Amino acid sequence: MLSACMFQNPDLPADVFTACLTTPIKVALRWFCSRSLLKHDGISKELIDRIPGRQTDRKTPLGELNWIFTAITDTIAWNSLPRALFQKLFRQDLLVASLFRNFLLAERIMAASNCSPVSYPRLPPTHQHPMWQAWDLAAEMCLLQLPGLLADPNAEFTPSSFFSEQLTAFELWLAHGSADKKPPEQLPIVLQVGLGLWLATSWRGPAQIVL
């Protein structure tokens with residue numbers, strides 16, 4: 001069960017909670033842009049609503065952002081929730097997992113306006129988790145390309161380095177970690193890559209080696 005209070009933000013839909021649950025990528029991009037210097041560089045919510053690609057095509061801007069968002073929210077949940085609760089909410093049903101990933105976004109956005117969405121089972125606060133910074137960087141890198149991509153249909157989209165950077169961090173943990181240390185926070189991301197959702201040729205080999 002998910003619920004929230006209402007609050008006003010001119011850059012976001014009136015019912016931002018429902019929008020987070022149903023269209024998380026565009027809401028996340030709108031909110032990020034409203035709080036960054038990009039809004040002074042011609043990046044408008046109208047441009048964001050025209051972001052090219054399909055969520056199911058990870059080689060497009062929208063599809064890549066959706067994949068990164070899924071990896072990051074999975075990682076935040078894995079690092080923040082008790083293992084039994086994580087398994088119940090994020091691994092037993094695809095629709096439930098999607099709703100709760102999107103709920104984490106709603107909590108982040110609404111916490112910035114002193115609102116607190118509520119879920120049952122109740123989740124711990126995650127809006128200050130450091131992995132959100134990785135999402136902000138991926139969003140910024142995509143939005144900086146957006147005017148050129150929309151102006152020229154033949155423009156080439158430069159993929160994010162998010163997954164390769166997380167893989168490098170995991171390799172460093174393998175090289176310098178120990179049995180006494182907690183598991184690396186990148187583990188859900190590396191497992192996604194290793195299971196072959198979509199492996200870029202430049203780092204397919206390293207992903208298979210560390211697994």
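Reply: Let us begin with a definition: a residue is buried under 20% relative accessible area, exposed over 50%, and partly exposed in between (1.4 Å probe, protein chains only). This is a predicted model, in which local features need pLDDT of at least 70, side-chain atom pairs count only at pLDDT 80 or more, and totals for chains, interfaces and linings use all residues. Residues are numbered from 1 along each chain as its sequence is written, and side-chain values use heavy atoms, with hydrogens and water left out.

Me: Why does N114 count as exposed?

Reply: The relative accessibility of N114 is 75%, and exposed means over 50%; N114 therefore counts as exposed. N114 is found in the loop between α6 and β2, where helices (H or I, at least four residues) and strands (E, at least two) are DSSP runs numbered from the N terminus. Its phi is near 60 degrees, a positive value in a residue other than glycine.

Me: What makes P130 partly exposed?

Reply: P130 has 46% relative accessibility, so it counts as partly exposed. P130 is placed in the loop between β2 (118–119) and α7 (131–151).

Me: Why are α4 and α6 called roughly perpendicular?

Reply: The axes of α4 (residues 61–80) and α6 (residues 94–111) cross at roughly 85 degrees and come within 9 Å. Axes are lines fitted to C-alpha atoms, for helices over the stretch in contact, and angles run from 0 to 180 degrees between N-to-C directions. Angles under 35 degrees count as roughly parallel, over 145 as roughly antiparallel, 65 to 115 as roughly perpendicular and the rest as oblique. The two helices α4 and α6 are therefore roughly perpendicular to each other.

Me: Which residues of α4 and α6 meet?

Reply: With contact meaning heavy atoms within 4.5 Å, F69, T70, T73, D74, I76 and A77 in α4 meet R101, N102, L104 and L105 in α6.

Me: What does L29 touch?

Reply: Not counting residues up to four places away in sequence, L29 touches I48, I51, L65, W135, A139 and L143.
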